[in-house]
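Please keep the sequence and the coordinates in view while reading.

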Amino acid sequence: MSEILEKLRPDRDLQCYFYRPSAVAALSATRSTGFTVSGAWRQQFDWAVVEWNRDNVFEHPLLRCLPDGDLSGLTLSYPETRTHCILMDSGLYPTVDWPYLRIWANDASGAEQIYRVRLKDYATPTAGSFTNAQATFTLQGTLTPGDYVELSWLDEHYYHVVRGSDTIADVLNDLKLNINTFSTTVAADVPAGGTQIVLTNTKPGLEGNYLGIAASVNGAQSEVWAPASQTMSGGASPTEWQVTLDFGALTDAFLKDANGQPLPIPTQNVRKMRWTYAAALQPGVFQRGEFSVAVTAWTVSGTNRAYQVAGPRSRRFEDVDPKIAYTGTWAEERGNYSGGTIHRTSGTGGQCRLDYWGHAQHRLYFGSRRTRGTGIITVRVDGQPEQVFDLYVPGEDFLVRLGLGDFAVGSHSVTATLTGADPNASGQDFYFDYFELAVAASTVNVQPAQGHEALATDWDTDHSLALAPERVAWNIQMLGFTGRANHYAGALLFYELVNPHNVYAQGTVTFQGTPGLGQVVEITISGTVYSRVTLITDTLETVAKAFEYLMNNGSTGVWAQASGAVLTVQARATGAAGNSLTLAATTTTNANGNMQAVASGDHFSGGADGAWLTELGAMPRLNRAARDWHRSYFAALNGYGIDATAAFSTELGNGDPSFAAGIAQRYPNGDPVMVSTPALQTNFSPASLAFWKQVYRDMAQIMNDAGQGPYLQFGEVQWWYFPGPSGMTFYDEYTTTTFQAQYGRAMHVFTSNDESPAPYPEEAAFLPSLIGDFTTQISEFVKAEYAQAKFEALYPPDVNDFGLTRVANLPGSPWGPDQLEVLKTENFTYTGARNLNKARASILLPLARGFPRNRMAHLVGVGNSSEPWDWERRLARGEYCETVVLFAFDQFSMIGYRLPLSPGSRRSEFMG
């Protein structure tokens with residue numbers, strides 16, 4: 001099966017990122033004609049972006065499109081619906097770039113600029129409608145001649161002085177006439193009956209609801225407004241907008257050309273684009289909530305949409321190829337680079353050179369890396385003019401494939417030289433990854449099926465979380481990995497967060513004295529001035545309320561609340577960041593009054609940072625982004641006929657380490673066990689069990705909804721393997737008190753993972769029993785709802801290859817073939833140590849515990865290209881494992897291991 005790759009196809013060509021740690025977002029339900037991005041907002045400044053990027057770093061080289069940033073011939077059209085996001089028609093100050101499509105593109109000089117397209121200028125509402133916000137006031141009581149009856153908002157106020165012949169209808173109709181004659185913001189109407197006045201915001205839309213109105217009287221005050229003040233309500237904006245973007249005719253929202261006209265955006269060489277979505281403005285303390293953006297009928301038309309790929313006869317010369325000649329001082333680094341290595345130099349004049357014979361017409365590429373500390377290089381091919389590449393890029397770090405031109409069959413020479421640093425860069429590193437001879441092809445092809453082999457995925461990495469779930473599943477299927485997929489749902493992002501110890505910074509303004517007509521009051525917050533001239537009807541309380549309304553009429557940095565004569569202003573930014581806001585209050589005095597406005601200080605204060613923690617009681621346990629992404633992912637795998645396992649470990653990146661929470665594994669001195677993920681290692685207490693039981697049931701429901709039978713993994717659900725300074729990790733309160741109650745003594749303090757448990761048979765029986773009971777209760781809890789659910793355990797013999805941990809971390813019958821469908825092993829350190837004998841023993845461990853070969857599986861780490869992972873893979877194949885899993889998809893693709901993989905060895909071929 002072959003496929004043509006296309007620009008701007010949501011299920012192949014878009015990514016999603018978000019503001020960490022407070023937000024979470026993911027793509028889901030992606031297809032060629034649309035997508036959803038959804039998740040949770042947890043503070044006011046949260047945002048998420050959908051990105052198109054020319055420099056694809058995700059796909060395996062067999063599936064990776066050649067860089068092509070020419071969008072000038074395309075037109076994109078789509079309808080969009082936002083829920084709990086700032087809306088398309090918003091007039092709020094953009095704290096992030098939510099009003100714009102940002103385009104990173106080279107200008108006429110070749111320098112990259114960030115252009116901004118105001119999306120509303122290219123959008124038309126297609127569902128729902130604009131509704132104007134309103135407020136209704138009732139005038140009651142007895143009219144007293146000479147009293148002032150007044151309505152005010154923003155810097156506008158309208159009053160009527162009561163005459164002896166007036167009725168309430170006369171007063172309201174006079175106010176109506178004045179408002180309709182002079183106001184630019186509000187229209188008024190007095191319905192039949194003459195006791196009410198209806199004020200309508202002349203600006204339609206949801207944000208008309210921010211406008212606050214004060215109603216007051218002066219004099220005998222025998223008249224009464226009901227209510228005395230209120231914000232408008234009922235304003236609404238369209239629910240769906242149709243956006244049409246002709247990339248050949250876009251203009252910047254701010255930049256002008258020489259004639260003062262909006263500057264056309266050069267879309268012939270675009271590096272990336274971002275659509276930004278942000279949390280809807282809330283009127284008070286921010287309350288966590290879910291959001292979504294649904295995009296349907298995504299249509300791309302025009303010319304030059306198809307990508308090309310490096311087809312048959314293409315070749316890469318990796319940085320370690322003996323044909324590469326280096327000049328200067330270079331260092332080899334290992335990682336997720338092409339072939340697993342990259343070379344780096346920082347010395348001016350450092351050079352790499354390749355002389356080669358091209359066997360076909362080809363496009364030559366240079367693989368490198370761009371960061372804030374990379375320099376300027378020149379590249380020369382065959383004596384042609386030098387090409388200059390400034391690799392410096394602020395705030396980013398990514399691998400890049402630089403096009404050098406098209407070349408014919410024959411002999412060629414290419415040289416790349418570091419010439420210096422960009423003046424804005426922090427250094428002048430020069431990374432060389434490869435030279436690539438790409439013979440362009442128009443299609444990608446599915447690879448031969450790898451049978452019982454699978455690629456693992458990890459939702460904590462961008463190769464899962466940032467991508468459309470359908471794209472991840474497509475990659476796995478196209479690469480031929482049809483074995484039961486192993487998906488690690490992660491330790492860092494799948495759960496809900498709460499920040500209980502966050503304190504928002506505040507400032508107060510207290511109004512004192514007697515307000516008099518015409519006093520000017522100003523409150524200045526970090527340069528933004530809120531001003532009001534006092535009215536004849538004002539009291540200290542109404543002045544405070546007026547400033548509440550002024551600040552809450554769309555202020556994105558603060559919100560305010562009046563209580564009597566005290567105005568409290570709170571930062572929207574969480575924690576100590578709000579303490580940087582400045583505060584000042586001034587008043588003028590006159591013969592009519594001596595009111596003073598007294599600020600609590602020259603800065604906001606009291607803001608304190610709290611930690612974002614896993615909310616253990618959240619229902620459901622998995623956040624919106626995790627639920628939506630995983631449901632789509634398992635449905636996509638199911639559509640390809642690929643079974644899957646969802647895995648959790650006993651780690652939480654935001655786990656609460658406090659004694660009160662009670663979920664941390666602990667060393668003998670009470671320190672919580674923090675591992676390098678970074679994450680908290682959780683224990684086997686009832687508090688921890690309650691959390692994890694619901695996590696597994698939530699995932700079972702997701703898999704069931706997606707058409708996959710629930711298949712769940714206890715991924716390294718064990719005691720932490722290594723001691724701290726005070727000993728091993730068995731000493732949380734639940735474990736120690738339970739042991740004390742059961743055996744009538746304190747548990748022995750083990751100081752080493754290699755300490756023999758033989759002298760302590762009670763501890764040797766007790767410790768694994770906690771693990772076994774923990775996993776049994778989880779499986780029973782899930783099966784009570786999903787009787788067909790299956791479970792496997794992932795056991796690492798390498799980190800448990802010590803006298804104590806091989807006993808403490810391997811339960812008996814709860815991890816036997818009567819309880820588990822499969823026992824899966826892994827041994828990253830054996831692989832790294834090139835110890836294939838121990839790797840083979842690890843593979844065979846399930847056999848020794850009574851599992852037949854078709855119910856044992858093995859996971860192999862492929863992150864280091866120099867390790868014998870492929871030998872280990874073939875050993876596992878030779879032992880007829882049910883599944884051999886390569887960990888993980890991201891390393892396999894970025895390193896670019898060759899496909900198809902060689903067949904597995906038969907057991908009789910193993911030579912020791």
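The expected span of a helix is 1.5 Å times one less than its number of residues, and helices (H or I, at least four residues) and strands (E, at least two) are DSSP runs, numbered from the N terminus.

## Basis

This is a predicted model, in which local features need pLDDT of at least 70 and side-chain atom pairs count only at pLDDT 80 or more, whereas totals for chains, interfaces and linings use all residues. Residues are numbered from 1 along each chain as its sequence is written, and side-chain values use heavy atoms, with hydrogens and water left out.

## Helix H6

Helix H6 (residues 686-705) has 20 residues and should span 28 Å at 1.5 Å a residue, which agrees with the 28 Å between its end C-alpha atoms. Of these 20 residues, 14 are buried, so H6 is largely enclosed by the rest of the structure; buried means under 20% relative accessible area, exposed over 50% and partly exposed in between, with a 1.4 Å probe and protein chains only. Gly 707, whose phi is positive, near 90°, follows H6.

Most residues other than glycine have a negative phi, and most peptide bonds are trans. His 84 has a positive phi near 60° and is exposed, with a relative accessible area of 52%; Gln 221, with phi near 55°, is partly exposed at 49%.

The peptide bond from Ala 226 to Pro 227 is cis, with omega near -5°, and Pro 227 sits in the loop between strands E16 (223-226) and E17 (229-231). Another cis bond joins Leu 899 and Pro 900, with omega about 0°, and Pro 900 is found in the segment after helix H13 (889-895).
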